[in-house]
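Dear colleague,

Please find below the structure that I am handing over to you. My findings follow it, and I would be grateful if you would read them alongside the coordinates.

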Amino acid sequence: MPPSRSRATRSAVPEQLGFAGMPERLFVCTPSKLGAYADCPRRYRYSYVDRPSPPKGPPWAHNSLGASVHTALKNWFALAPERREPEALPTLLKATWVREGYRDVDQERVVYRRALDWLESYVATLDPEEEPLGVERVVATKTSVLALNGRADRIDSRGPEAVIVDYKTGRSGLSSDDARGSQALALYAYAAERVFRRPCRRVELHHLPTGTVAAHEHTEESLARQVRRAEETALDIMGAEKAVAAGADPDEQFPVNPGSLCGWCDFRKVCPAGADAVAKEPWTAVEHLNS
């Protein structure tokens, strides 16, 4: 009697043949993906592990504002240098304006006007003739653990060096400590240095509401420390995912990290810890712009 199909398949293709000693797969990630796990492993699970992903809450007005401003600046740099004038901004912002999350039309109009003011003040500080190395540019690199990619708001060319520029539209002002501690900016710099094959150590946070710049000059060692932190996070994530795949309790492997961020979480309504947090309205973070 001929062997069964399953026995024949097992004997023809030994399961471990050719795979013993193979290196671990790289963890494909962005800085925001790593940041989600660092903020709250449970939120990471809801976003990247559970399929289908739990339903999110309504869109946030501050995210709409940030996306609108970022895209308007991207399109400003896409213009020919002679057309990079403040007069172009109303058309650019209207074309990119995201309307979701605002309390009402009146609030939206006020926020739009504020955003336009920020943009007009900001582009007045720029040289329209200068061409960045990249705008909304994806940079990518690999380490022994990571297959990292990320989209930098802007990468400037300043002499022989590249500089990472990140736009911010939030309420709080920023300091050099914010720039120094940002893992995302450090990872962008690490990747950009390899993509452009030129030093990239300076990272800057451009806070449009106040017109201030918070900057930090990394060293090779400080970038390496941030990369090691990212690798450690990736190893933790992969370990948790493997454990869940082997039958472990997902809630134990991806625990909740309750805190002030719970009220802003997209998954607050489906998370036991988030359900106890005071809910934020979708427009809460932009209310101060009406004053």
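UniProt positions are given here in the numbering used for this chain, feature names are shortened, and annotations may be inferred rather than shown by experiment. The model itself is predicted. With that in mind, an unreviewed UniProt entry lists residues 30–272 under "domain: PD-(D/E)XK endonuclease-like". That span is 47% helix and 17% strand, and its end C-alpha atoms lie 27 Å apart.

Domain arrangement

Contact between the two involves 9 residues of domain 1 and 10 residues of domain 2.

The size of an interface is often given as the accessible area lost when the parts come together. Here domain 1 and domain 2 bury about 1,000 Å² between them, and 73% of this area is on carbon and sulfur atoms. Which three residues supply more than any others of the area that domain 1 buries against domain 2? They are His70, Trp118 and Tyr122, which together account for 58% of it.

As for polar interactions, the count of salt bridges between domain 1 and domain 2 is 0, whereas 4 residue pairs are in polar contact, both residues of each pair having pLDDT 80 or more. On the side of domain 1 that touches domain 2, the elements giving two or more residues are α4 (61–78) and α6 (105–123). Of these, α4 gives the most, with 6 residues. By class, this side of domain 1 has 6 nonpolar, 2 polar and 1 charged residues.

Salt bridges

Side chains of opposite charge can pair when their charged atoms come close. Over the whole structure, a search finds 19 salt bridges. One of them joins Glu204 and Arg158, whose closest N and O atoms are 2.7 Å apart. Because Glu204 lies in strand β5 (residues 202–207) and Arg158 in strand β3 (residues 146–158), the pair ties together parts that are 46 residues apart in sequence.

Backbone geometry

Most residues other than glycine have a negative phi, and most peptide bonds are trans. Arg51 and Pro52 are joined by a cis peptide bond, with omega about 0°; Pro52 is found in the loop between α3 (41–49) and α4. Glu136, a residue other than glycine, has a positive phi near 50° and is found in strand β2 (residues 134–142).

Yours sincerely

Notes:
Residues numbered from 1 in each chain as written. Predicted model: local features only at pLDDT ≥ 70, side-chain atom pairs only at ≥ 80, totals over all residues. Heavy atoms only, no water. Contact = heavy atoms within 4.5 Å. Buried area = accessible area lost by both parts, 1.4 Å probe. Salt bridge = Lys/Arg side-chain N within 4 Å of Asp/Glu carboxyl O. Polar contact = N/O pair within 3.5 Å; in protein donor to acceptor, adjacent residues only side chain to side chain. Helix = DSSP H or I, 4+ residues; strand = E, 2+ residues; numbered from the N terminus. Nonpolar A, V, L, I, M, F, W, Y, C, P; charged D, E, K, R; others polar.
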